[in-house]
Amino acid sequence: MLETITGQIEHVRSHRTSSISESGNKWLVAEFFADEGEKKGQKFSITGEMNSVVYGWRYQLYGTWRTTEKYGTEFRFSSFAPIVPKSGAGIADYLDRNVNG
């Protein structure tokens with residue numbers, strides 16, 4: 001069953017982007033700070049596919065927890081959604097980053 005975590009990406013450790021939309025051609029390994037839910041106030045590693053990372057934006061990540069001997073406990077997300085700001089300044093920032101012209 002997929003879990004949901006909400007927060008911000010604080011530091012990218014490894015990131016590969018791709019112009020090809022096939023799964024597996026892009027990845028992200030980052031430090032994530034949860035600002036809601038059970039993990040609120042905690043920082044942990046996340047892994048998954050994300051072509052563009054925007055610092056300062058909040059994201060909802062959907063995935064599962066896993067523990068490996070090499071990397072410890074991390075959240076492996078299979079999908080995500082940016083949380084669009086609702087303030088005037090936040091909306092202006094979102095449009096500035098996403099609308100050409």
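1. A residue is called buried when its relative accessible area is under 20%, exposed when that area is over 50%, and partly exposed in between. This cut-off is needed for Trp27, which has a relative accessible area of 35% and is therefore partly exposed. The structure discussed here is a predicted model, and the values that follow should be read with that in mind.

2. Trp27 belongs to strand β2, and, once its neighbours within four places in sequence are left aside, Trp27 is in contact with Ser14, His15, Arg16, Gly48 and Glu49. Thr17 lies ten residues away from Trp27 along the chain, and the C-alpha atoms of these two residues are separated by 6.9 Å.

3. The pairing of the strands around β2 deserves a careful look. Strands β1 and β2 run antiparallel and are joined by eight bridges; within this pairing, Ile9 has Phe32 of β2 as its bridge partner. Strands β2 and β3 also run antiparallel, with six bridges joining them, and here Leu28 stands opposite Gly48 in β3.

4. The largest nonpolar core holds 15 residues, of which Ile9, Ile46 and Leu61 touch the most other members. At least two residues of this core come from each of β1 (3-16), β2 (27-34), β3 (43-48), β4 (58-68) and β5 (72-83), and β2 gives the most, with four residues.

5. Not counting residues up to four places away in sequence, Leu61 touches Glu3, Thr4, Ile5, Phe32, Ile46, Met50, Phe75, Phe77, Ser79 and Phe80.

6. Ser45, in strand β3, counts as buried because its relative accessibility is 10%.

7. On the surface, Ile91, Leu95 and Val99 form a nonpolar patch, with about 250 Å² of accessible area together. Ile91 is placed in helix α1, which spans residues 88-98, and Ile91 counts as partly exposed because its relative accessibility is 37%.

Key. Residues numbered from 1 in each chain as written. Predicted model: local features only at pLDDT ≥ 70, side-chain atom pairs only at ≥ 80, totals over all residues. Heavy atoms only, no water. Patch = residues over 30% accessible without salt bridge, like charges linked within 9 Å, V, L, I, M, F, W, Y side chains within 5 Å. Areas by Shrake-Rupley, 256 points an atom, 1.4 Å probe, with all protein chains shown as cover. Salt bridge = Lys/Arg side-chain N within 4 Å of Asp/Glu carboxyl O. Buried < 20%, exposed > 50% of the residue type's maximum accessible area, 1.4 Å probe, protein only. Core = buried A, V, L, I, M, F, W, Y, C linked by side-chain atoms within 4.5 Å. Contact = heavy atoms within 4.5 Å. Pairing = 2+ DSSP bridges.
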